[in-house]
Amino acid sequence: MDDYLRQLRRAPPSGLLDGLDDRVFSALALRRKETTMAQRFMVLSAFISLGGGAIAGIASAEPVGRGPSLSPFAPVSALAPSALLDPL
């Protein structure tokens with residue numbers, strides 16, 4: 001290994017660095033393009049999710065009623081630690 005490193009120090013191999021800039025810049029452009037496409041797909045999926053949720057919310061035929069109070073101080077509480085605390 002040391003012999004190979006000494007050879008590289010004496011005379012770097014020619015042709016390895018030719019066109020390196022072009023390859024790096026093309027890879028960066030490709031990554032930028034992929035990032036842009038990924039962002040577009042994320043925005044599209046967000047709109048589809050929000051649209052689906054809105055349609056499901058509108059399509060529900062049941063009227064929304066008020067649920068039981070979740071206050072720990074309510075007379076009938078779902079958060080009571082025991083059924084012994086129910087006044088009923």
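## About the model

This is a predicted model, in which local features need pLDDT of at least 70, side-chain atom pairs count only at pLDDT 80 or more, and totals for chains, interfaces and linings use all residues. Residues are numbered from 1 along each chain as its sequence is written, and side-chain values use heavy atoms, leaving out hydrogens and water.

## Overall fold

The protein chain has two helices and zero strands (DSSP runs numbered from the N terminus: H or I of at least four residues for helices, E of at least two for strands). Of its 88 residues, 2% count as buried (buried is under 20% relative accessible area, exposed over 50%, partly exposed in between, with a 1.4 Å probe and protein chains only).

## The salt bridge

The whole structure holds one salt bridge (a side-chain nitrogen of Lys or Arg within 4 Å of a carboxyl oxygen of Asp or Glu). It joins Arg6 and Asp3, at 3.0 Å from N to O. Both belong to helix α1 (residues 2-10), three residues apart, so about one helical turn separates them. Arg6 is partly exposed at 37% relative accessible area, while Asp3 is exposed at 54%.

## The loop residue Leu17

Where does Leu17 sit? Leu17 lies in the loop between α1 and α2 (20-59). With a relative accessibility of 66%, Leu17 counts as exposed.
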